[in-house]
Each structure stands twice: as C-alpha cells, then as structure tokens.
Amino acid sequence: MNKQNISESNMSQPATSRLQIERRSIPYVINGKSNTCEQSEFIVDGQPLSTLLGFAGSRPWFGMTFLDSVKAARENQLQGFLGLCVPFNQFGSGRFVLYRCHCGSDYCGVISCELEVEGDRVCWRDIRYETDPEEAEDPDDDDDRISHVMPDLYFDLAQYRASVNDLIATLDSGGGASSA
C-alpha cells in the first residue's frame with residue numbers, strides 16, 4: 001500500500017468516541033415524596049446518552065440498562081455487549097438493547113442498536129427506538145417520540161471493555177451511584 005492509500009483509508013474511518021459507564025442516582029417524585037433510583041448511564045464523549053437521545057427526563061421509568069439487571073441476566077447480556085455473540089432481545093431482532101423500561105420488558109419499547117466488533121473497534125449502528133412490530137404500525141402510538149437521529153458510534157475496543165469491566169467490578173463489590 002502506498003502513502004496515498006494509507007492516508008485515504010485513515011481519513012475515511014469514522015471518529016472514535018470515548019465510552020464511560022456510570023451508576024447515577026436518578027431523582028423522582030411519587031405522591032409528593034422525593035425518591036432516588038440508581039441506574040447505569042452510558043456516557044459518550046462526556047455526554048449522557050439518555051440526554052443525547054432526548055429521554056433523560058423520563059428516567060427512572062425508562063432507561064434501565066442490562067447493567068441494572070440481576071447478576072445472571074447481566075452476565076447473559078454482557079456477551080452481546082462485548083460483541084461475543086448475537087445480542088438477545090425479546091423481539092428476536094438481534095439488536096442490542098441499550099435502554100428499556102424499568103419493568104424489564106422489551107415490549108414496552110427499547111432503545112437498541114446493531115452492535116458489531118470491527119477489528120479493534122466496537123460500532124453501535126442504527127441507534128433507535130424499537131418496539132413490537134405489531135404496535136409499531138399503530139398510528140395513535142406516540143412511543144416513537146424517542147426518535148432523535150443518532151450517528152453511528154465507534155469505540156476503541158480495549159477502552160470499551162475496560163469501561164464495562166470497571167463498572168461491573170464496582171457493582172460486584174457493592175459500589176453505589178455517582179453523584180450525578
């Protein structure tokens with residue numbers, strides 16, 4: 001490969017984002033009483049993904065991640081998150097569920113992506129709201145309001161794995177939420 005081909009291939013490669021995963025205390029009010037709920041948050045280049053997608057105000061009712069599940073379920077989903085197997089979701093679409101309803105059911109609607117490992121990078125493609133295909137055809141359903149257009153996100157594989165492993169170590173040691 002000559003110098004021109006090397007520089008052209010580097011220029012065509014999308015920028016790599018930095019992923020952090022944090023536990024956060026999410027405030028909410030029920031019957032006038034203030035409460036908090038801990039949820040995991042994907043931080044992309046310093047910005048919460050829930051904010052970038054426009055649903056941060058819906059937390060904690062929507063926004064649970066696989067890291068907020070019981071340990072056995074978390075371990076099953078971790079393989080998909082690391083690109084080691086085809087991700088599982090209740091729709092059978094092979095898309096990775098980034099966020100779901102606090103009840104844990106995908107049928108309430110999820111934010112999902114196509115997750116692929118490409119050499120030393122992880123790509124989240126086609127990040128969007130996903131729901132039951134039969135319900136998606138309902139013109140009165142406004143759940144597609146979480147439909148901000150997101151570009152594909154690319155992460156350095158080593159940094160990505162370190163980020164999730166750091167949070168899992170914190171969770172397994174009984175660590176709590178950050179003060180965000």
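Predicted model: local features only at pLDDT ≥ 70, side-chain atom pairs only at ≥ 80, totals over all residues.

Reader: In which sense do β5 and strand β6 pair, and over how many bridges?

Author: β5 and β6 (residues 110-118) are antiparallel, with four bridges between them. Here Val-97 stands opposite Ser-112 of β6.

Reader: What is the strand order of the sheet of five strands, and which strands form its edges?

Author: The sheet is open, its order is β4-β5-β6-β7-β8, and the pairing is antiparallel. The edge strands, β4 and β8 (153-156), each pair on one side only. On average, neighbouring strands of this sheet are turned by 30° against each other, direction ignored. At the β8 end, strand β7 (residues 121-130) and β8 pair in the antiparallel sense through four bridges, and Arg-121 stands opposite Asp-156 in β8.

Reader: Is Arg-100 buried or exposed?

Author: Arg-100 is found in strand β5 and is buried, its relative accessible area being 8%. Among the residues it touches beyond four places in sequence are Phe-62, Gly-63 and Met-64, as well as Asp-106, Gly-109 and Val-110. The C-alpha atoms of Arg-100 and Ser-112 lie 8.7 Å apart, with 12 residues separating the two in sequence.

Reader: Which helices lie across this sheet?

Author: Helix α3 (residues 71-81) lies across β5, β6 and β7 and runs at about 135° to β5. Helix α5 lies across β6, β7 and β8, at about 85° to β8.

Reader: How is the sheet of three strands arranged?

Author: It is an open sheet with the order β1-β2-β3 and antiparallel pairing. β1 (19-30) and β3 (47-48) stand at the edges with a single partner strand each, so one side of each has no neighbour in the sheet. β1 and strand β2 (residues 33-44) run antiparallel and are joined by 12 bridges; Ile-30 has Lys-33 in β2 as its bridge partner. Helix α5 packs on this sheet, touching β1 and β2, and its direction makes about 50° with that of β1.

Reader: Which residues of the largest nonpolar core touch the most other members?

Author: In this core of 32 residues, they are Phe-42, Leu-49, Phe-81, Leu-98 and Trp-124. Helix α5 (residues 157-172) contributes the largest share, six residues. The contacts of Phe-81 beyond four places in sequence include Leu-19, Ile-21, Phe-42, Phe-66 and Phe-96. Leu-115, Trp-124, Tyr-160 and Val-164 are also among the residues that Phe-81 touches.

Reader: How many helices and strands does the chain contain, and what share of its residues is buried?

Author: The chain has five helices and eight strands, and 39% of its 180 residues are buried. Among contacts between residues at least 6 apart in sequence, 58% join residues at least 24 apart.

Methods. Residues numbered from 1 in each chain as written. Heavy atoms only, no water. Pairing = 2+ DSSP bridges. Helix = DSSP H or I, 4+ residues; strand = E, 2+ residues; numbered from the N terminus. Core = buried A, V, L, I, M, F, W, Y, C linked by side-chain atoms within 4.5 Å. Buried < 20%, exposed > 50% of the residue type's maximum accessible area, 1.4 Å probe, protein only. Contact = heavy atoms within 4.5 Å. Axes fitted to C-alpha atoms, helices over the stretch in contact; angles between N-to-C directions.
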